[in-house]
Amino acid sequence: MKKINQGKYELFTTKQDAIDKFMKMQGICREEISGEGAIEFYCFKNGKIFISHPRTRHIENDNSTNLYAKVVEQDGKTYVVYHTEYSKSSSVSKLIFLVIDILVAILAIAITVSSKQKMYYLPLLVLSILLFSIKFFNATREEKNSPADSEILIKELEKRVEAVNLWDK
């Protein structure tokens with residue numbers, strides 16, 4: 001994992017109060033990560049915060065850029081300490097699924113050709129090439145987009161920190 005950015009924001013409340021407020025703000029965010037769609041804000045009882053693409057059961061849909069934070073107390077003040085990371089393992093797993101997709105497409109084309117239904121051969125080939133191109137493009141551009149995605153995640157955290165600080169006003 002490669003750290004992209006890090007920093008901290010001051011909260012003008014107690015640690016437990018900040019955690020409670022963050023937990024009330026959990027859910028899908030309005031902002032979106034480039035090419036990935038929605039992002040989701042998570043806060044746990046121990047003060048750990050996580051902002052990423054909403055979790056699915058499909059590994060190939062995981063996002064490679066994530067924000068990790070924690071609500072901490074230092075010198076009598078409360079802070080949110082954060083960092084953003086780019087994970088190559090997520091991109092590698094997407095490429096592995098891409099190879100599996102290619103093998104399935106080759107198998108489907110081979111079955112079509114062997115069954116002598118030539119009319120399905122060309123559309124199946126075009127569809128396979130198109131899907132391969134789209135998935136390959138998405139998997140390879142993630143690292144290039146990670147600094148911009150990191151900024152989007154940080155701005156989302158900043159909005160939540162401002163909301164906590166302005167909660168009672």
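A nonpolar core is a set of buried Ala, Val, Leu, Ile, Met, Phe, Trp, Tyr and Cys residues joined through side-chain atoms within 4.5 Å, where buried means under 20% relative accessible area (1.4 Å probe, protein chains only). The model examined here is predicted, so local features need pLDDT of at least 70 and side-chain atom pairs count only at pLDDT 80 or more, while totals for chains, interfaces and linings use all residues. Residues are numbered from 1 along each chain as its sequence is written, and side-chain values use heavy atoms, leaving out hydrogens and water.

The largest nonpolar core has 23 residues, and F22, I49, V80 and L157 touch the most other members. At least two residues of this core come from each of β1, α1 (15-24), β2 (27-33), β3 (37-43), β4 (48-52), β5, β6 and α3 (121-165); these helices (H or I, at least four residues) and strands (E, at least two) are DSSP runs, numbered from the N terminus. Helix α3 gives the largest share, 5 residues. Leaving aside residues up to four places away in sequence, L157 is in contact (heavy atoms within 4.5 Å) with Y9, F41, I49, I51, L67, A69, V80 and Y82.

Now to strand β6. Because 8 of its 10 residues (77-86) are buried, strand β6 is largely enclosed by the rest of the structure. Two strands pair if DSSP finds at least two bridges between them. Strand β1 (residues 2-11) pairs with β6 in the antiparallel sense over 9 bridges, with K3 opposite E85. Strand β5 (residues 65-74) is also an antiparallel partner of β6, over 10 bridges, and here V72 faces Y79. The β5-β6 hairpin has 2 residues between its strands, and D75 takes a positive phi near 55°.

Key: Buried means under 20% relative accessible area, exposed over 50%, partly exposed in between (1.4 Å probe, protein chains only).
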